[in-house]
Amino acid sequence: MISDVRDAKQKEIAEVLKQLDMLTKMTGLPIYPEPKTGNPLWSDVRELDLRYQIPVKKISKFFDELKKGKVLATRCSKCGTVYFPPQDDCPKCKTSNLEWKEIQGEGEILTFTVISVKPPSFAHYPDYVVGIARFGDVNVTAWVDGPREKIKVGSRVKLDVSKREPEGYITYRLILV
Amino acid sequence: MTNVAIIGTGHSKFGSRTDVNLQELAWEAVKQALEEANVEQKDIQYFSVGNVGTWSAEPLPAVVIGEYCNLAPSGTMRVEAACASGSAALRDAYLAVKSGEADIAMAIGVEQMHQSPNPTVVEMIGRAGNYFWEFENFGLTFPGYYALYATAYMNKYGLKEEDLGKIAIKAHHYGALNPYAHFQKEITMEEYLKSRPVAWPLKLLDSSPITDGAAAVILASEEVANKYTDSPVWIEAQGVGSGTANLSRRTDFTTIDAARMAAEQAYRRAKINLDSPWKEIDVADVHDCFTIAEIVAYEDLRFAKRGEGLTLAREDQTYIGGRIPVNVDGGLKAKGHPIGATGVSMAVSLTRQLLYRAPNKGMQAEIRNGRALAHNVGGTGHYAYVTLFSTRRPGL
């Protein structure tokens, strides 16, 4: 669950804040020596917790279909350009309300990496493989699932839609064929 | 339109600068540049500030710096072009002078990444690809983006780990000679090969560090420059380009289109032969945020043919004395990469190279053509700036 991830992070933060409170009580100021150099650092008392609300109305069909297990791209009926990630505007033709088209069949891994040093918001996952695969006229970036030693440039993959735990939201991944 | 000259340069020590705040750090570079050019603040009619921020506390850095450095009330703005923000600031100040709006302008680049803990910085930089489709859902990190390039390059051209290691070793060699560098320590191939993985195939020693630093240059129009200095370094030409935010929208992961375009623009403007531009350039600073980026840069800048950048690395052709000396200030890898300062830092390093003022003899390239090149990429080719600096007045 998304809140579990937050709880784990907040526990760490709470510990740091407790120390900061103690420091402020002891010295009257939230200033502590930087461990390596001893340089005095003011530890910000005002926290900014950012979490954005990203509008997805124009591509809401993508998420509706994702729930049904499909990954969709958009296609301009005028010039034929296929867009993935999907977008509802074709800037080339200056038209909107593009057609939707499922990404089907097998793709081919163009490149990949294994993320070892993870961002804190992904720290609750084991090291993950991110790849870019070519499916006809579009590329898809996603986690690659399969035995690590078998993941190579040129490997055949297909798209799979499933819930990713522990966040528990539906997303797509590339799995080795 | 007038020619534009650099008449003063300033550079702070790069590193973990917890001894100063953002504006104090900027002042170190600004003060040095003012003194070097013998210019007073009131003469600076416009200043631009390259700073990406978010990891540091001040949300309006240009204003805070203007106040601290006594540059207000001159016009200013904060400029963002990711890791090329410094070059963007330089461009902004350059255009202000070139257009005739200002006789003297200043470009300042500053970044203090250590105001946030390292994991937070990793998180923030990771968000700098395409946020939603790459970071939110798949947790790509910045080394991860370049690792995608490294994997593709290895697969296509047979690049080996050791080839990347040679780039890191060269960077640390010159970093060890540079008193301004974050890392002033040589490394061995053994240390490189043992360094821990960050985003396979890239390791810690393939990566530029999280750095604090500032750099500044003072620019003047041709008429004014001659009053201040007998040795102006001219901004001969600049090329700019941009690329997709989504890496998946790129077609080739062994070259950066935006950088190739920027290089070609700059070469054409300076009337440089596109077949072998390196013959007309004495020294270059290229964007080596990761070792693979330097190899790709060799090719994008036409220092080597496609797929042959790794040969330059293998043959040590980018040390002083080779085909073209590259990153003899230690590069982003060893000098450090305070994102908003990097582009201005390149301008400072190269200006000093052209004037035979490298801070250490061992890192001074031989100047034959009087021309140096800076290649500064924002993101993974989201932005690209290629700037040519020359001791010869453009048009001569």
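In strand β4 of chain A, the residue that A:Thr74 has as its bridge partner is A:Tyr83. The model is a predicted one, in which local features require pLDDT of at least 70 and side-chain atom pairs count only at pLDDT 80 or more, whereas totals for chains, interfaces and linings use all residues. Residues are numbered from 1 along each chain as its sequence is written, chains are lettered from A and ligands numbered from 1 in the order in which they are written, and side-chain values use heavy atoms, with hydrogens and water left out.

Two strands are taken to pair if DSSP finds at least two bridges between them. In chain A, three strands form an open, antiparallel sheet in the order β4-β3-β7, whose edge strands, β4 (82-83) and β7 (99-102), each pair on one side only.

In chain B, strand β2 (residues 46-50) is mostly covered, since five of its five residues are buried, that is, under 20% relative accessible area, as against over 50% for exposed and in between for partly exposed (1.4 Å probe, protein chains only). In a regular strand the side chains alternate between the two faces of the sheet. From β2(B), B:Tyr46, B:Ser48 and B:Gly50 point one way, while B:Phe47 and B:Val49 point the other way. The chain crosses from β2(B) to β3(B) through helix α2 (residues 61-68) of chain B in a right-handed β-α-β crossover, meaning that, with the strands pointing away from the viewer, the path from the first strand over the helix to the second runs clockwise. Strand β2(B) runs parallel to strand β3 (residues 75-79) of chain B, to which five bridges join it, and B:Tyr46 stands opposite B:Gly75 there. A parallel pairing over five bridges also links β2(B) with strand β4 (residues 104-112) of chain B, where the bridge partner of B:Tyr46 is B:Ala105.

The loop between β2 and α2 of chain B holds B:Ser56, which is buried with a relative accessible area of 7%. Apart from residues up to four places away in sequence, B:Ser56 touches B:Leu22, B:Gln112 and B:Gln115, contact being defined as heavy atoms within 4.5 Å.

Among the helices of chain B, α4 (residues 118-126) has B:Val121, B:Glu123, B:Ile125 and B:Gly126 as its buried residues, and what covers them includes α5 (131-138) and α6 (142-157). The axes of α7 (residues 161-175) and α11 (residues 291-300) of chain B come within 8 Å and cross at roughly 95°, where axes are lines fitted to C-alpha atoms, for helices over the stretch in contact, and angles run from 0 to 180 degrees between N-to-C directions. The two helices, α7(B) and α11(B), are therefore roughly perpendicular, a class covering 65 to 115 degrees, with angles under 35 degrees counted as roughly parallel, over 145 as roughly antiparallel and the rest as oblique. In this contact, B:Leu164, B:Ile167, B:Ala168 and B:Lys170 of α7(B) meet B:Thr291, B:Ile292, B:Glu294, B:Ile295 and B:Tyr298 of α11(B).

Helix α7 of chain B also contains B:His172, which is buried with a relative accessible area of 4%. B:His172 and B:Lys185 are 13 residues apart in sequence and 6.0 Å apart in space, C-alpha to C-alpha.

Key: Helices (H or I, at least four residues) and strands (E, at least two) are DSSP runs, numbered from the N terminus.
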